Amino acid sequence: MKNTYNNPQKSKWETRIQDAVNDYNKTFDIISINNTLGYIPDKEKNETVKQMNNILNSKGIFITDPYFHHLKNANVEDDYSYIYDGIFQKK
């Protein structure tokens, strides 16, 4: 973890999430974006969530804000099962 944290190519500290998510050429088992999507303009937010849906593995976990409907607004909610407020599993 320390190597990733200290590596700008991996940690992407200076990169907007809506840009970084388009650069990944691999998939993930967990995507946690709690308290982040609310700061992205709506049009970019929906495209960002759609791209996250593309890079999240089947049965992967998506963690987001419990009081927002990011999956529904991006039209990908049917790809997920509800686990708990703000936590979803990709089908």
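Me: Why does Phe88 count as buried?
Reply: Buried means under 20% relative accessible area, exposed means over 50%, and partly exposed lies in between, with a 1.4 Å probe and protein chains only. Phe88 has 18% relative accessibility, so Phe88 counts as buried. This is a predicted model, in which local features need pLDDT of at least 70 and side-chain atom pairs count only at pLDDT 80 or more, while totals for chains, interfaces and linings use all residues. Residues are numbered from 1 along each chain as its sequence is written, and side-chain values use heavy atoms, with hydrogens and water left out.

Me: What makes the pair of Tyr82 and Phe88 edge-to-face?
Reply: Rings of Phe, Tyr and Trp (its six-membered ring) pair if their centres lie within 6.5 Å; planes under 30 degrees apart count as stacked, over 60 as edge-to-face and the rest as tilted. The ring centres of Tyr82 and Phe88 are 6.0 Å apart and the planes stand at 70°, so this pair is edge-to-face.

Me: How many aromatic pairs does a search of the whole structure find?
Reply: The search finds 3 aromatic pairs. One of them is formed by Phe62 and Tyr80, at 6.0 Å centre to centre with 55° between the planes, and is tilted. Phe62 lies in strand β2 and Tyr80 in strand β3, so the pair ties together parts that are 18 residues apart in sequence. Strands (E, at least two residues) and helices (H or I, at least four) are DSSP runs, numbered from the N terminus.

Me: Are Phe62 and Tyr80 buried or exposed?
Reply: Phe62 is buried because its relative accessibility is 0%. Tyr80, at 6%, also counts as buried.

Me: Which residues have the most contacts inside the largest nonpolar core?
Reply: They are Ile31, Val49, Met52, Phe62, Leu71, Val76 and Tyr80, in a core of 15 residues. Such a core is a set of buried Ala, Val, Leu, Ile, Met, Phe, Trp, Tyr and Cys residues joined through side-chain atoms within 4.5 Å. Two or more residues come from each of α4 (42–55) and β2 (56–63). The most come from α4, with 3 residues.

Me: Why does Ile83 count as partly exposed?
Reply: The relative accessibility of Ile83 is 42%, so Ile83 counts as partly exposed. Ile83 belongs to strand β3 (residues 80–84).

Me: Why is Tyr67 called exposed?
Reply: Tyr67 is called exposed because its relative accessibility is 71%. Tyr67 sits in the loop between β2 and α5 (70–73).
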